[in-house]
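Take a first look at the whole chain below.

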Amino acid sequence: MGGPFVASVRSATGPQGEGHSGTVNRFCTKSFLERTLSNGEIVSRSWLCYSLSTCHVYCFACKLSNSTGNLATVGYGDWKHARSNLEQHERSTSHCWNVTQLAKRASASCRIDETMIRHANEVESYWCQVSKRCVSVISFLAERVLAFRGTDEIVSSRNNGNYLGLMELLAQYDSFLAQHIQQHANKGTGHTNYLFSTTCEELIAIMETHVLDNIVGRVKEAKYFSVTVDSTPDASPVDQLTCVLRYMKNETPVEPFVHFFDNAGHTGQDQANSLMRFIEANGIDIANCRGQSYDNAANMSGKYRRMQAIIQQINPLAVYVPCTAHSLNLVGQAAVSSCRPVVSYFGFVQELYNFFTSSTSRFDISMDRINPKGLRVPKSLSDTRWSAHAGATKPLREGYTEILDVLDGISEDENQKGDRRNTASSLYGVMNKIETGFYTVFWDSILDRFNRTSKSLQGNNTDLNTAVALLKSLSTFVHGLRDRFEDFVVEGAIRAGCNDFSRKSR
Ligand SMILES: [Zn+2]
């Protein structure tokens with residue numbers, strides 16, 4: 001017989017459970033395991049179970065009570081009359097009595113192992129309370145991307161990391177947790193206390209599965225989706241391929257991060273394989289993919305055997321759209337690299353930053369001059385986004401005169417070392433040129449606008465129409481700068497301290 005409250009019941013077309021009525025083969029169907037109430041509600045006949053060996057159904061409650069009747073003894077297999085006979089049986093006084101008795105005996109208060117059950121429930125409730133606190137601390141740390149572990153896992157140690165540290169902090173205001181830590185902490189491995197990193201890792205894995213299932217469920221509900229994939233080395237440095245799915249929820253696009261693929265490989269085929277494995281493992285249908293977006297790296301965007309081409313072979317409707325913000329940055333980078341004096345200019349900007357930040361005293365001197373005027377401190381050139389060079393040219397344009405004065409002061413300062421004075425003098429010489437002043441003003445104007453456009457392109461709500469409008473507007477702006485050449489020369493000359501030139505120009 002199948003388990004209590006059953007039941008395996010076979011499908012209506014299988015070989016078992018057959019009965020014969022004339023020439024018609026009849027079977028035990030799943031509908032016999034359900035009852036439709038007078039209000040239309042369908043409830044399970046939990047008392048009915050099916051035996052694979054006899055191919056008959058039995059009443060679990062009546063059989064346990066040693067009742068008479070086929071359902072309690074030899075089983076019932078007349079499928080033609082099953083519906084009416086089962087209804088008749090479940091309305092019978094003896095069946096109702098047996099089901100009630102079974103329910104009473106099943107309740108903990110009537111069982112001989114009542115004490116054990118109560119104890120088990122208490123233990124379950126206790127660890128449930130501990131788990132809730134662990135999950136809260138883990139969520140807190142994970143949301144802020146903070147490290148969990150320290151150099152040891154000893155409670156009350158200063159080096160036990162953020163997880164144990166936070167648990168100890170909570171315990172100061174939570175008597176339950178304080179008592180738990182007092183009773184279970186520092187008992188060594190093998191003693192369950194939910195305070196070890198292994199518990200953390202297990203809970204994180206459970207939470208990850210829960211979150212991923214939730215997102216995948218939403219993607220399936222929305223049906224159509226697009227994928228965004230990008231890779232970057234982490235601190236290890238292991239190349240991490242990041243996967244984001246984009247779908248619509250209540251007419252709003254949503255883009256949750258879903259997975260890191262460790263060491264997915266560098267070729268387009270490797271990365272496409274990783275993506276397909278993830279998609280298939282989560283039961284998502286690639287046929288519903290309507291878009292793919294990657295940066296312009298050759299292994300992603302290339303036409304042959306590259307990631308986008310491989311995915312398009314599987315589903316031609318997965319249209320490839322290169323990352324617009326990345327394309328824009330490539331345009332800027334290419335424009336700069338095509339002009340050697342501009343490449344030298346940006347080299348100078350980085351050199352200036354390095355000079356000020358390589359010595360704390362020099363940085364302090366420059367801050368004393370620049371900060372009181374509310375000016376920004378010199379910044380390094382951005383490695384990740386070309387448009388973020390705006391962060392370096394803006395402070396330079398605003399504090400040009402002050403930085404010149406600081407360099408002049410250092411080059412004349414006899415308390416500074418010779419090589420430092422020499423570098424300061426050389427940097428001063430470059431900054432004092434009209435070209436440098438001009439490039440600073442000119443590139444700051446371009447980069448400021450480029451950077452704002454780049455940020456807008458990365459906005460959550462930016463659609464294709466907005467992106468096109470933003471790029472057209474930027475193009476018009478850059479073209480318009482040609483008419484402002486004289487203005488840039490004059491402002492550059494003023495900033496570089498070449499006042500004669502600026503007066504002549506005017
Ligand atoms: Zn019964």
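Start with helix α14 (residues 390–398). Of its 9 residues, 7 are buried, so α14 is largely enclosed by the rest of the structure. Buried means under 20% relative accessible area, exposed means over 50%, and partly exposed lies in between (1.4 Å probe, protein chains only). Helices (H or I, at least four residues) and strands (E, at least two) are DSSP runs, numbered from the N terminus.

A word on the model itself. This is a predicted model, in which local features need pLDDT of at least 70 and side-chain atom pairs count only at pLDDT 80 or more, while totals for chains, interfaces and linings use all residues. Residues are numbered from 1 along each chain as its sequence is written, and side-chain values use heavy atoms, with hydrogens and water left out.

Which residues of α14 are buried? They are A390, A392, T393, K394, P395, L396 and R397. What do they pack against? Their partners are α12 (340–357), α15 (400–412), α16 (418–431), α17 (434–457) and α19 (485–495). Contact means heavy atoms within 4.5 Å.

Look at one of these partners, α12. Two packed helices are described by the angle between their axes and the distance between the axes. The axes of α12 and α14 come within 11 Å and cross at roughly 75°. The two helices are therefore roughly perpendicular to each other. Axes are lines fitted to C-alpha atoms, for helices over the stretch in contact, and angles run from 0 to 180 degrees between N-to-C directions. Angles under 35 degrees count as roughly parallel, over 145 as roughly antiparallel, 65 to 115 as roughly perpendicular, and the rest as oblique. From α12, Y345, F346, V349 and L352 meet A392, T393 and L396 of α14. Sorted by class, this contact has 6 nonpolar, 1 polar and no charged residues. Here Ala, Val, Leu, Ile, Met, Phe, Trp, Tyr, Cys and Pro count as nonpolar, Asp, Glu, Lys and Arg as charged, and the others, Gly among them, as polar.

Now compare another helix pair. Helix α4 (residues 114–143) and helix α6 (residues 175–184) have axes that come within 11 Å and cross at roughly 105°. That makes α4 roughly perpendicular to α6. On the α4 side, the contact is made by Y126, W127, Q129, V130 and R133. On the α6 side stand F176, L177, H180, Q183 and H184. By class, the contact has 5 nonpolar, 4 polar and 1 charged residues.

Move on to α17, where F438 is found. At 13% relative accessibility, F438 counts as buried. Leaving aside neighbours within four places in sequence, F438 is in contact with F485, F488, V489 and G492. F438 and F485 are 47 residues apart in sequence, yet 9.2 Å apart in space, C-alpha to C-alpha.

C62 lies in helix α1 (residues 60–64) and H89 in helix α2 (residues 82–91), so the pair ties together parts that are 27 residues apart in sequence. C62 is buried, at 1% relative accessible area. H89 is buried too, at 16%.

The loops deserve a stop. R45 sits in the loop between β4 (42–44) and β5 (48–50). Is R45 buried or exposed? R45 is buried, with a relative accessible area of 3%. Its contacts beyond four places in sequence are S31, F32, L33, E34, R35, L86, E87 and E90.

S156 lies in the loop between α4 and α5 (161–171). It has a positive phi of about 80° although it is not a glycine. S156 is exposed, with a relative accessible area of 60%.

Finally, step back. The chain has 20 helices and 12 strands. Of its 506 residues, 37% count as buried.
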